[in-house]
Every structure is written in structure tokens, then in C-alpha cells.
Amino acid sequence: MPIRIEHEEYAPPRIGLLLLQCLIALLLCVFIARFWYLQIHKGDEYAKQALANRIRQEHIFASRGIIRDVKGTILADNRQTFSLVLVRENCSDIPSTLAQASLWGNIPYEQLTAKFNRDRRKVKPFEPITLLSDLKYDKILRIESELANWPGLEIVMRQRRSYPLGPYFAHILGYVAEVNEKELSENSKFMPGDLIGKSGIEYTFDNRLRGTKGRYSINVDVLGNSLGKHLEEKPMNGENLTLCLDADLQRSLTDLLGDKTGSIIVLEPQTGRLKALVTTPSYDNNLFIGGLSHSDWKQLRDDPLHPLQNRTIQSSYPPGSVWKLMMAGLFLRNGISTGSGVWCTGAIQMGNRQFRCWKASGHGFVNFESSLLHSCDVYYYVYGEKLGVDRIEKFARACGFGTPTGIDLPHEKGGTVPSIAWKKRRFGTNWVRGETLNVSIGQGYTLVTPLQVAVFVGSLLNGGKLMKPLLLLDEEPAVRGTTPMTEQDRRIILEGMRKTADIGTARVLRRKDAIIGGKTGTAQVVKIRMIGSRRQRTSEMAYKERDHAWIASWGKKDGKDIVVVVMLEHGGSGSSAAGPIARQVYDILYAASSPGQTEQNRR
């Protein structure tokens, strides 16, 4: 029988009703509080986020500045290339997409995946990630035909660097390549895929050459489809640079060296502007632009002649007898008169050791002028030992040796100018007298770069100023120091160089159409070996044991001065190996004389 409850007598449980009402009120308060938090307290922030979701940013890459030579010849240019990029937010199956891209690019899947995972952390949502760069035309056609099946992938047009003269300017221009992870972390302006200078002028002047990216604002719907875009910021192309180097001269001098290992420097002494800066062997900097292959890198790395090395500034050598120009200034500075001299018998004895002159029979009586003319070692032994190594070191540093020249190229060496304290720091041993004799003739621990020699010779012509070697045409000449010589001392040394080029060891440079001065140098690599009573010939020595050949020279014609320095690594004698090349440099600079005159110059 059902239970009947009269409505007048029924009363609902009050506590349950109160709990329900409180719960509804609490929920309402939570909704109101949350609404206030989202709409008022965080309203501006979420409004910006909503706007950001509606508007995307697309970067516009700026063109890198063009580099030209003094005559306007293009040395570094830009060319249009195509890249495959991935917008990961538009891709539903990233692993499969990366696998397909690795097939197209013939790149290992693991390598491409590692690159993608590295780059994805550095880009914002909906920004493209470069997977393949510098695609060939036939590969573009294949990818385009299949691209519709792979959402998120796009082919975009990018600019790549191009070096029309390749090896002729590789050590000067350097090259560009994609930023690495370290560079990305150090500079917030960089994005994955950006190209930056890695060496040479491209590295030194990267900020000027790189330019500034532009930006598009793109309106999108909830599905990410573009509804239109407008230009937010125009890109600013990189600055064009003009070098004071002459491309025609650079090519001619590089071809002149041929397969020889060495360098040639042509410098204007009054301004410090370089007309040519040649080093051989060289390499093709175009190889680095799209990423150097392992085989190409191995070949360059393992080459025993080290083609990546800029020998004008990154290789330091014993200067040999070209050092005697600096020593001559030291002697004059310290009151050694041009008339005083020594008797050269072909050697000097110190203790139980004999220090030989290059001429075994000796030069007889030698004064200041004839010491330069015939490059007598004994003269410099005697007066160098008299003054001591510390005076030599102090004077040499004041003449620009032992420190970089300041040229706007990376990794320049400063060379070595030894002293008593230097040897103690370096080797923990005391200096011995015989080492002073070696330093006096540019041997022993003494090391210089060819560019340091060129700057010093230039100082003899320009009033003693050590000029910064300039690469840019619009850069103002800069004096980095002054040599401690008087004008009279410099004139005496220059006259000695002139006579040396006329009737001395540098007479190979003699010509009628210009005034020439020179000083040859033969820098020993190993101790002189005697075969019976004669010195071992260069042809009888292993290549790595042969002497380095130097010639430091200057020319005056039509009121203009020029400095030419030639250094041949393991080239042999300065007069017979470096001298003829320097003569040909002047033939090119002065447009060569008549055949009869040229033949006379060669005698």
C-alpha cells in the first residue's frame, strides 16, 4: 500500500536547501572573479595575445652589400637561390615530412632531424625553418611536382653569396656561411638560416655588409589562412664596400707566383693603402657558401701547403737579411758612423762556435754602406753584439715588429722579437751571447710577417710613419706609430737600398724608367750544412729544409712611391728566387719598358 504524505505536513530538509543555495552562490562568485581576472586584470595581455594570433610576422631578408675593387670590378656579389622550408604548425606529420625532405636533398634523416630540432627552438611559431638550401633547378622541379602532398613545406627564394674571382681574393674576402648554434645564442638578431661573415672582410665588416631585415604583418583566420598582408618595415640592404685593391693586379701577381708558396705585397707608403695582397696557394671561397662537403674540407685541411692560411699576415718567418734595414737604423741611432767598419774574413769566432758570413771567403773591409750593398753578416754580428739584444728588441718594437699591423683582417700574427726576459719567460733559460748574433741578422727566434716588413719599408719613405695597412678605399689613413729614426738616418738607409738595387745583391731590380731600392734576404730554416769545403746547395736540400727567400723594395716614378715585398716559402736565395719575381712586379706596375731595356735590367 503506497504511503501518502499530506502537503500541509511535509517540510523539505532546510540544511540541504541552504547548501544548494551556497553552492550556487559560490559558483557564481567564482565565475564573476574569473571573468574579472580574464577581462579586466589580464585583459590587455590577452588582447595582445589574441592580436598576435590574428597577425603573424614574416621577415624580409636584406641583400648583403656588394664588394668591389678600386676600378669597380665586383669581387663579392649576390645570386638568387631556392630553399625548402617547413612551417611546423602547418605540418601534421613532421617525421614523415622530414624523411621525404631527406630523400629530396640526399641528406641523412638523422642529420636533417637534428638540424630541425636545433632550429625549431630558435624560431617563433609559424616562422619557416630551412631544411634544404641552394637547390638546383632539376631538384626544384621534382619537389614542386610533389609539394601538394606535403603540407607545411614551401619553396622560397633566398640570396646567396657569390665570389666571381674565387681563389684570387679568397684570403682577403673570406666567406659567409649559416650561423651556428653558438652564434645564435650570442646574438638575438640572428635567426636560423641567416648568413654571416666567417672570415676575411666578410667577417670584419659583417655588421656593415649584412643590412637589416624588413617585416610583413599578415592577417590570418582561425585556421591560419592568410587574409592579406602589409609592409610593416622595409628591409635595409647592406652597405656596398669598395676596396683599394686592384683586381687586375691581384690576378697578375697571383699568376706570377704560380705554384710557388709565398706572398707578394704592394703598398702605397704615404697612405697605407694596399694595391695587392697575394698569398699562394689559395682556395675557392665559393665552396663554403652552401656548406662545405666533408671531402672538400678534408682535402683543404690535410693539404701540407695549408691553402687556408693567409701567409701575408698569419705566417711569420725569420726575416733574414731584410732585418738588416732595421738594424742599420739602430746602428745610426746609437752613434755608429757610416765610415766605421769591420774586417770580414767569412766568419766570426765566439767561444768554441763559429758564426759564418754568407760569403765564405769574406768581404774584406766593410762599412755601413757596403754592409747593405753586399749584405755582410759579420758587420751585423759585431755591432749587434756590441749593442745587445735588449736594445735590438726595444728598437725593433718601435719600428712595428712584434705587434700586429692592425689590418682589418682576422687572426693577424704579431711575430716574435726576442729579448733576455722573453727567453726566460718562454723557455725558463738564460740568454747566451751567440743568440744575439743570430738576432742581429734576422735569424734565431726572430719572426716577422711579410706585411710588417712592407709597413716598415713604407715608413722609410713617408717620414717614419707606421701606417695602418688599409683595405677600404674610403678609410682615412691612420698612423699607428713613428719609428725612432731621424730624417737623415732614413735617407742614408734609402740611399743604401738604392745602391743595393743598382750594383748590390738586389741589382736584379735595376731599371731606367724608375728609381728602385731593395734589400734581399735569405732566411735559414735549418743550420748550414757543409759538403766538404762548400755550403750545401738549395737543390740538394729537402723542400722543408730550404731557405726562405725575401726581397723588400721600393720604387719611385712620376712622383709616386710604391713598396713591393716578395717572400717565397722555402724558395732559396732572396736575390735569385724572390728578386726576379719582384722585378716582374715592377714590370707590371710600370707597364714594362722596351724589350732592350728589360733585357738590360735582367743582367
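Mentor: Helices (H or I, at least four residues) and strands (E, at least two) are DSSP runs, numbered from the N terminus. On that count the protein chain has 21 helices and 23 strands. The model is predicted: local features need pLDDT of at least 70, side-chain atom pairs count only at pLDDT 80 or more, and totals for chains, interfaces and linings use all residues. Residues are numbered from 1 along each chain as its sequence is written, and side-chain values use heavy atoms, without hydrogens or water.

Of the 603 residues in the chain, 49% are buried (under 20% relative accessible area; exposed is over 50%, partly exposed in between; 1.4 Å probe, protein chains only). Take contacts (heavy atoms within 4.5 Å) with a separation of 6 or more: residues 24 or more positions apart account for 71% of them.

Now the cavities. A cavity is a set of points on a 1 Å grid where a 1.4 Å probe fits but cannot get out; lining residues have an atom within 4 Å of a point. Four cavities reach 30 Å³ or more.

Follow the lining along the sequence. Pro167, Tyr168, Phe169, Ala170, His171 and Ile172 are among the lining residues. Gln250 and Thr254 also belong to the lining. So do Leu277, Val278, Thr279 and Ser282. By type, the lining has seven nonpolar residues, five polar and no charged. Nonpolar covers Ala, Val, Leu, Ile, Met, Phe, Trp, Tyr, Cys and Pro; charged covers Asp, Glu, Lys and Arg; the others, Gly among them, are polar.

Check the backbone here too. The peptide bond from Thr280 to Pro281 is cis, with omega near -5°. Pro281 sits in the loop between E12 and helix H11 (294-302).

Two other backbone points deserve a look. His570 has a positive phi of about 55°, although it is not a glycine. His570 lies in the loop between strand E23 (560-568) and helix H20 (574-589). His570 counts as buried because its relative accessible area is 10%. His411 also has a positive phi, near 65°. His411 is in the loop between helix H15 (389-398) and helix H16 (420-427). His411 counts as exposed because its relative accessibility is 62%.

Note on methods. 1 Å grid on protein atoms, 1.4 Å probe; cavity = no way out; pocket = protein on both sides within 12 Å on 5 of 7 lines; lining within 4 Å. Points joined across faces, edges and corners; volume = space filled by probe spheres on them.
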